[in-house]
Amino acid sequence: MNSHWYILGAGAIGCQWAAALLKGGSRVSLIVRSPERLAQLEHNGGITIESKQGTAHYPVAGRLAADCPTIGHLLVATKAYDALPAIKRLHGQLSATAQIILIQNGMGSQQAIQTLLPEHPIIAATTTNGAWLRKPFHVVLAGTGNTQLGLLNPAGQPQPKLPATPGLDISWDLYIDQALWRKLAINCAINPLTAVHGCQNGQLVSTPALHTELAQVCHEVDQLLAGEGLQLFSSGLLPVAEQIARQTGDNYSSMLQDIRQGRQSEIDYITGYLLQRAAALQMSLPINQALYSAVTQLDQTSG
């Protein structure tokens, strides 16, 4: 009997996973936040996935959180700041052995959920998939990437069997913590600077003054990673950040898009987490601290 997966978060990633799980033979329920959203999903008849190969429709069902029965498999694809509150609301509906996959930007939310649910197999994920919503429940796949998954606390736990997800490039990572740190470091380098300066990613490399700031941010991140005993970048973070900024040169970071659209940014789980770890190690990161303060101020004014 195929598993029944419940998905929290009806953004691009959550909808993409919902379609892939359904295509792979799993039963899928997309947990939506309001009766209005549920009616909209039902009116659409499910989820639409648009790619270079064409457009496909998947009849994914919706549910309100309060109406969910016992949940044995849960994918959380919300914003980082919504993940823990969402899990808490569903806590009573989770089975004793519920398998939980977390796909969030940054770090901090995964660790908080692991602390809340120490007996559950918590799988953290990080992805380079490019996807965005043309409208609710209509996903545009902008680029194919890889999604890495791994147990946050693998001690004594067997590697869980992952569901079939055709169209998603998924790999198991025994060192998921390092993958999360690597993604966090890159996000710390690019997202806050683009948010503060209102610029495209590529301008961090092409504009000398911004490139100088990028180098300063990366230097501080390298110091923190060294303090954590992590060797993630053979030549430091800067060359990697430069490469990604060039590759995504015309893009606007998710943090800048959130601020421009009046949504709360995930700064607390990106630079904020970096600063928490720095404080624990009694390290000072003044450039990153200034960026954190600036983005927090933008959050307050845009919201």
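This is a predicted model: local features need pLDDT of at least 70, side-chain atom pairs count only at pLDDT 80 or more; totals for chains, interfaces and linings use all residues.

Modeller: Helix α11 runs over residues 286-302, and at 1.5 Å a residue its 17 residues should span 24 Å; the end C-alpha atoms sit 24 Å apart, so the length agrees. Now for its two faces. Asn 288, Leu 291, Val 295 and Asp 299 are the buried residues of α11. They cover an arc of only 80° around the axis, which means they lie on the same side of α11. The background is simple: an α-helix has 3.6 residues a turn, so residues three or four places apart point the same way.

What covers the buried residues? The cover includes α5 (176-197), α7 (208-227), α9 (254-260) and α10 (271-280).

The largest nonpolar core has 61 residues, and Leu 74, Ile 100 and Trp 181 have the most contacts inside it. Its largest share, twelve residues, comes from α5. Leaving aside residues up to four places away in sequence, Trp 181 touches Met 107, Leu 224, Leu 225, Glu 228, Leu 230, Leu 232, Tyr 273, Leu 274 and Arg 277. There's also a second, separate core of 29 residues, with Val 32, Ile 47, Ile 101 and Ala 125 among them.

From there we get to a sheet. Eight strands make an open sheet with mixed pairing, in the order β5-β2-β1-β6-β7-β8-β11-β12. Its edge strands, each pairing on one side only, are β5 (61-64) and β12 (169-172). From one strand to the next, the twist averages 25°. Inside the sheet, β1 (residues 4-8) and β2 (residues 27-32) pair in the parallel sense over five bridges, and His 4 stands opposite Arg 27 in β2.

Two helices pack on this sheet. Helix α3 (residues 80-90) touches β1, β2, β6 (71-76) and β7 (94-103), and its direction makes about 165° with that of β6. Our α5 touches β8 (122-127) and β11 (146-151), at about 40° to the direction of β8.

Note on methods
Residues are numbered from 1 along each chain as its sequence is written. Side-chain values use heavy atoms; hydrogens and water are left out. Helices (H or I, at least four residues) and strands (E, at least two) are DSSP runs, numbered from the N terminus. The expected span of a helix is 1.5 Å times one less than its number of residues. Buried means under 20% relative accessible area, exposed over 50%, partly exposed in between (1.4 Å probe, protein chains only). The arc is that of the directions from the helix axis to the C-beta atoms. Contact means heavy atoms within 4.5 Å. A nonpolar core is a set of buried Ala, Val, Leu, Ile, Met, Phe, Trp, Tyr and Cys residues joined through side-chain atoms within 4.5 Å. Two strands pair if DSSP finds at least two bridges between them. Axes are lines fitted to C-alpha atoms, for helices over the stretch in contact, and angles run from 0 to 180 degrees between N-to-C directions.
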